[in-house]
Amino acid sequence: METAKESFFIKDKSFYKTLFRMLVIVALQNIVAYSVNMADNIMLGSYSQEALSGAATVNQIFFMVQQFALSIGNALVALAAQYWGQKRTAPIRTLTGISLKLGLCVSAAILVICGCFPELVLRIFTNSPEIIAEGKSYLLLVMWSFALYIITNVLMAALRAVETVNISFYISVVSLIVNVGINYALIFGKFGLPEMGIRGAAVGTLVARALELAIVVIYIAKFDKKLCLFQRDMWHYNRELKQDYTKVYLPIMCAQVLWGVSVPMQTAILGHLSADAIAANSVATTFYQYLKVIVIAMSSTSAVMIGHAIGQGELKHIRAAGRTLSIIDVSIGIVLGLALIALHKPLLSLYSLNDNATVMALNLIVVMGFIMMGMSYQMPVSMGIIQGGGDTTFTMKMNMISTWCIVMPLSFMAAFWWKWPVVLVVIVIQSDQIFKCLPVFLHFRKYKWMKKLTREENAG
């Protein structure tokens, strides 16, 4: 029987209230979390160049750890958000237990690799004996924080799936304060504490990660009223739900890791061009990355909102929600891109670069502004709406083709074969953020990404 005519946008005010509340809080959390790494870099940079380089090398390892952690969490959100749309929490608890077991296995593998072969891992990123020595002393301490980060990320993903996001922001703020305070005291030997240099930074990071996990565990155990997570059914073995999770997780993990591996390779391409290119790209990407965390927040929020809509099961509501989210995503992207372009000169005045690097950085910031507009559409729609809607293979296939069959070969040729100027090389490296908009738009408009991932009551 035909219901009311389908509206193009969502008209329910509560949808927008929930959306923007989540978006603002997750964006603030991401900005604070990014500021932790910035603070580490500033303090270690003022301590010694070798310490900064050693930590930066280990951060390349942590970047890959992040991709595994994000894939575990995003797979959980894709499934749990749909169950939350049906207000069924028992399957969410079981899925969280499955995610935690996977997180513990990944953590154990990472600890074995980093603990037994630290120099071998570091040599993937650098051949400098000094940097490897500093990096090793940092890695052997900070690797324990990798495991804590993965477990915390899983628990916060479970909370995010049921629209509980405030706690993640508070955790990030506490983490920033603790990390900066301990780093300052132990890197430079303040307040009567020993001067530990790069190992002091590792202690600060480890304590902050341990505190993050402690806070989220206490919150879930004492204050959360939605999930009641720590119950016996969290650890129940459920073959059907495990199969569902594996089916969702594998393509998400492949997409994350394939993209993650390409990022340091793209950075390495620019690093082989010139010292001015490295400096200009570093300045341009610093501002770009700060705005990018807002786009990542848009992706996370879109995934929860669309998963919730699919869980409720009204087809017209799902399509209207998808259109609404996509328009909001591209609108925010245009604002962010124009802001970056408009402020490129004032932002650059904060740095002291030579004339060539200054001109290069100005051009790169303008380029990044336009790249931001494309990324702000394709990433939240592909990784938020489409992936959150249950279609987890589209993003994997698109990233595999665009990154490894198009962008990486063209980037190497532009830099080392055709010898193009740095700005053109950066355009080639970032070009997928623009041309992926077309396949994402076409796939989105087909609405074949709307897939119910939940099982009936007796399966959950």
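Reader: Why is Lys436 called buried?
Author: This is a predicted model, and every value is computed from it. Lys436 has 3% relative accessibility. Buried means under 20%, so Lys436 counts as buried.

Reader: What makes Lys436 and Asp432 a salt bridge?
Author: Their side chains meet at 3.5 Å, N to O. The cut-off is a Lys or Arg side-chain nitrogen within 4 Å of a carboxyl oxygen of Asp or Glu. The pair therefore qualifies. Asp432 has 5% relative accessibility, so Asp432 is buried.

Reader: How many salt bridges does a search of the whole structure find?
Author: Five. One of them joins Asp233 and Arg93, with the closest N and O atoms 3.0 Å apart. This pair links distant parts of the chain. Asp233 sits in the loop between α7 (198-222) and α8 (239-271), and Arg93 in helix α3, 140 residues apart.

Reader: Are Asp233 and Arg93 buried or exposed?
Author: Buried. Asp233 is at 16% relative accessibility. Arg93 has a relative accessible area of 9%.

Reader: What makes Lys136 and Glu119 partly exposed?
Author: Lys136 has a relative accessible area of 29%. For Glu119 the value is 34%. Buried ends at 20% and exposed means over 50%, so a value in between is called partly exposed. The side chains of Lys136 and Glu119 also meet in a salt bridge at 3.2 Å, N to O. Lys136 is in helix α5 (residues 129-161) and Glu119 in helix α4 (residues 118-122), 17 residues apart.

Reader: Why is Gln387 called buried?
Author: Gln387 is at 4% relative accessibility, under the 20% limit, so the label holds. Gln387 is found in helix α12 (residues 355-388).

Reader: Which residues does Gln387 touch, not counting those up to four places away in sequence?
Author: Asn74, Ala78, Ile252, Ser382, Thr392 and Thr395.

Reader: Which residues touch the most other members of the largest nonpolar core?
Author: Leu139, Phe146, Tyr245 and Trp449, out of 140 residues.
Author: The elements that give two or more residues are α2 (49-85) and α3 (90-116). The largest share, five residues, comes from α3. The pocket holds about 240 Å³ of space.

Reader: How do you know that the second largest cavity belongs in the count?
Author: The count takes cavities of 30 Å³ or more and comes to two. The second largest cavity has a volume of about 40 Å³. Its lining has six nonpolar, two polar and one charged residues. Asp329 is in that lining, as are Thr301 and Ser302. Asp counts as charged, so Asp329 falls in the charged class.

Reader: Which element gives the largest share of the lining of the second largest cavity?
Author: α10, with four residues. α1 (13-47), α9 (275-312) and α10 (315-342) each supply at least two.

Conventions
Residues are numbered from 1 along each chain as its sequence is written. This is a predicted model: local features need pLDDT of at least 70, side-chain atom pairs count only at pLDDT 80 or more; totals for chains, interfaces and linings use all residues. Side-chain values use heavy atoms; hydrogens and water are left out. On a 1 Å grid over the protein atoms alone, a cavity is a set of points where a 1.4 Å probe fits but cannot get out, and a pocket is an open set with protein on both sides within 12 Å along at least five of seven lines; lining residues have an atom within 4 Å of a point. Grid points are joined across faces, edges and corners, and a volume is the space filled by probe spheres set on the points. A nonpolar core is a set of buried Ala, Val, Leu, Ile, Met, Phe, Trp, Tyr and Cys residues joined through side-chain atoms within 4.5 Å. Buried means under 20% relative accessible area, exposed over 50%, partly exposed in between (1.4 Å probe, protein chains only). Contact means heavy atoms within 4.5 Å.
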